[in-house]
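Please keep the structure in view while reading.

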Amino acid sequence: MSLDLIGVTVRPKGGAVLFPPLTLRIAAGEVTTVMGPSGVGKSTLLDAIGGHLAHGWALQGEIRLNGRDLRPLPPEARRIGVLFQDAMLFPHLSVGANLAFGLAPGIRGEARRAAVEHALAQAGLEGFANRDPATLSGGQRARAALMRAILARPQALLLDEPFSRLDAGLRGEIRAFTFDHLRAAGIPALLVTHDAGDAQAAGGALVSL
Ligand SMILES: Nc1ncnc2c1ncn2[C@@H]1O[C@H](COP(=O)(O)OP(=O)(O)OP(=O)(O)O)[C@@H](O)[C@H]1O
């Protein structure tokens with residue numbers, strides 16, 4: 001798996017580009033970090049990669065996932081996962097149903113339950129399948145959200161400040177958990193952060209916008 005950006009930048013239609021064109025390759029299991037001042041366009045770059053660029057914005061350059069040009073594909077066909085600041089779980093579904101949400105529909109019955117149980121165990125959440133997400137701690141919710149993202153078998157993952165709401169002690173633990181799992185799953189990932197410690201822990205290339 002690899003995610004390639006070739007001369008990529010974004011601009012409001014009729015306006016100037018937000019940052020100089022970016023060319024980079026993220027290989028399987030690598031986490032590349034993007035840092036830069038507020039408003040430079042980091043979240044808009046992630047929107048462009050995921051296919052969620054708002055009306056009124058234009059993408060410049062080429063985005064390839066495993067060699068395939070993503071530009072003609074709608075977001076749901078891109079196989080790109082996203083993790084946000086709030087580690088959002090669907091509040092109306094149990095923790096187990098949240099994790100199962102990303103699984104392919106062909107995985108049914110016992111195989112489905114086993115996949116969810118395995119992911120819960122990896123997240124240190126054994127026995128949490130029937131819990132209401134509102135009863136989880138911040139760290140538990142962050143680990144569950146990562147597992148839900150991985151179970152969907154994304155071909156790349158975008159992380160938009162996913163650790164910024166966690167307190168200092170938890171932050172180190174959750175980012176190590178996150179990067180270990182992304183490496184093990186061989187998923188190329190792009191991390192947006194304001195925190196140099198996040199970038200260092202990610203261990204990959206650092207891009208400043
Ligand atoms: N319609 C528009 N026309 C021109 N510029 C816009 C328009 N909408 C938003 N912008 C600007 O585009 C930039 C993109 O913001 P974006 O959220 O991508 O930045 P960011 O680097 O993620 O910031 P932060 O670190 O604060 O989250 C901002 O400077 C914003 O003011």
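R153 sits in the loop that joins α4 to β7. This is a predicted model. R153 is not a glycine, yet its phi is positive, at about 50 degrees. Most residues other than glycine have a negative phi.

N66 is another non-glycine residue with a positive phi, near 50 degrees. Its loop runs between β4 (57–65) and β5 (68–69). N66 has 14 C-beta neighbours inside 10 Å, so it too counts as partly exposed.

## The annotated span

The unreviewed UniProt entry annotates residues 3–209 as "domain: ABC transporter". In the model, that span is 33% helix and 23% strand. Its end C-alpha atoms are 18 Å apart.

## Helix α5

Helix α5 covers residues 168–185, 18 residues in total. From first C-alpha to last it reaches 26 Å, close to the 26 Å expected at 1.5 Å a residue.

Which residues of α5 are buried? They are I174, R175, T178, F179 and L182. These residues lie on the same side of α5, because they cover an arc of only 125 degrees around the axis. On the other side, G169, A176, D180 and A184 are exposed.

Just after α5 comes G186, with a positive phi of about 70 degrees.

## A buried strand residue

I26 belongs to strand β2 (residues 22–27). Is I26 buried or exposed? I26 is buried, because 22 other C-beta atoms lie within 10 Å and the cut-off is 20 or more.

Leaving out residues up to four places away in sequence, I26 touches S2, L3, T32, P188, A189 and L190. P74 is 48 residues from I26 along the chain, and their C-alpha atoms are separated by 21 Å.

## The ligand shell

The residues around the ligand are P12, G15, L18, G36, S38, G39, V40, G41, K42, S43, T44 and G56. Helix α1 (residues 42–50) supplies the largest share of this shell, 3 residues.

How does the shell divide by residue type, and how many residues are polar? The count is 8 polar, 3 nonpolar and 1 charged.

Terms used
Residues are numbered from 1 along each chain as its sequence is written. This is a predicted model: local features need pLDDT of at least 70, side-chain atom pairs count only at pLDDT 80 or more; totals for chains, interfaces and linings use all residues. UniProt positions are given in the numbering used here, feature names are shortened, and annotations may be inferred rather than shown by experiment. Helices (H or I, at least four residues) and strands (E, at least two) are DSSP runs, numbered from the N terminus. The expected span of a helix is 1.5 Å times one less than its number of residues. A residue is buried if 20 or more other C-beta atoms lie within 10 Å of its own, exposed if 12 or fewer, and partly exposed in between; C-beta atoms are placed from the backbone. The arc is that of the directions from the helix axis to the C-beta atoms. A residue is near a molecule or strand if its C-beta atom, placed from the backbone, lies within 6 Å of it. Ala, Val, Leu, Ile, Met, Phe, Trp, Tyr, Cys and Pro count as nonpolar, Asp, Glu, Lys and Arg as charged, and the others, Gly among them, as polar. Two residues are in contact if their C-beta atoms, placed from the backbone, lie within 7 Å.
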